[in-house]
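Me: I would like to learn how to read disulfides in a protein model. Could you walk me through it?

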Amino acid sequence: QLSCLVKIVTLHGIPKDLNSYPKDLLLFLSPSDYAATGSCRQYFANIGKANLDVLQRESSQRKQLLLEALACLKIPGTQINEEDAEILGRLVCDLGGEYIRSSGGNLLKQLSQCESFLPDQEEAIRSVISSGNTTFGPPVAWSAFTLNELSELIPVFDHSILQKIPK
C-alpha cells in the first residue's frame with residue numbers, strides 16, 4: 001500500500017512538503033528523490049523515525065537504505081558517534097556486531113528501540129555493556145534508573161551481567 005501511495009504522491013514530481021508526509025512513506029523513496037526537498041541527512045533522520053519493519057529485516061531494500069545512510073553521513077569505518085546514531089534512529093537495528101562493538105555505548109539508546117537482534121548483535125551488546133565503557137558505567141554501579149533506561153535491552157543480558165547488578 002505504501003509503495004502505491006508513493007507512486008500517487010510523486011506522480012507529478014516530488015512534493016516540496018515531503019517532510020509533512022508519514023515517515024513510513026519515505027522508506028519507498030530513494031535519497032536522490034528526496035534530495036530536491038532537503039539534505040540526505042534530513043532524509044535519513046526521517047527514515048530513522050519510520051517503522052522499518054514495513055520492510056523485511058534482511059531485505060535488499062533495507063540493506064541498501066543502511067548503506068546509503070552510512071555513505072550520506074560519511075561514516076568511513078565501523079565507529080558511529082552519538083550524533084550520527086541519533087540520525088540513524090531505528091536503522092541502527094540493522095548494524096552488525098562490529099559497529100556495535102566499535103561504537104561503544106553510542107548506539108545503546110537506539111538499539112533499545114529494536115524489536116529483535118541477531119546473535120552477533122546480542123553478543124556485541126553484551127560485550128559493550130560488560131565493558132562498563134558507556135554512559136551507564138559498569139553493571140555493578142547501576143541503579144533502578146539505569147535499568148529503566150536499558151529495560152528494552154535486558155533480555156539480551158546474560159547471567160554474568162545480571163549477577164553484577166546491585167539488588
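Predicted model: local features only at pLDDT ≥ 70, side-chain atom pairs only at ≥ 80, totals over all residues.

Reply: Residues are numbered from 1 along each chain as its sequence is written, and side-chain values use heavy atoms, with hydrogens and water left out.

Me: What is a disulfide, and how many are there by this rule?

Reply: A disulfide is a covalent bond between the sulfur atoms of two cysteines. The rule here is a pair of cysteine sulfur atoms within 2.5 Å, and the count comes to two.

Me: Which residue does Cys-40 form a disulfide with?

Reply: Its partner is Cys-72, with the sulfur atoms 2.0 Å apart. The torsion about their S-S bond is about 90°, so this disulfide is right-handed. Cys-40 sits in helix α4 (residues 40-47) and Cys-72 in helix α5 (residues 60-72), 32 residues apart. Helices here are DSSP runs of H or I with at least four residues, numbered from the N terminus.

Me: Is Cys-72 buried or exposed?

Reply: Buried means under 20% relative accessible area, exposed over 50%, and partly exposed in between (1.4 Å probe, protein chains only). Cys-72 has 10%, so Cys-72 is buried, while Cys-40, at 30%, counts as partly exposed.

Me: What is the handedness of the disulfide of Cys-93 and Cys-114?

Reply: That disulfide is left-handed, because its S-S torsion is about -95°. The sulfur atoms of Cys-93 and Cys-114 are 2.0 Å apart, and both cysteines are buried.

Technical notes:
Helix = DSSP H or I, 4+ residues; strand = E, 2+ residues; numbered from the N terminus.
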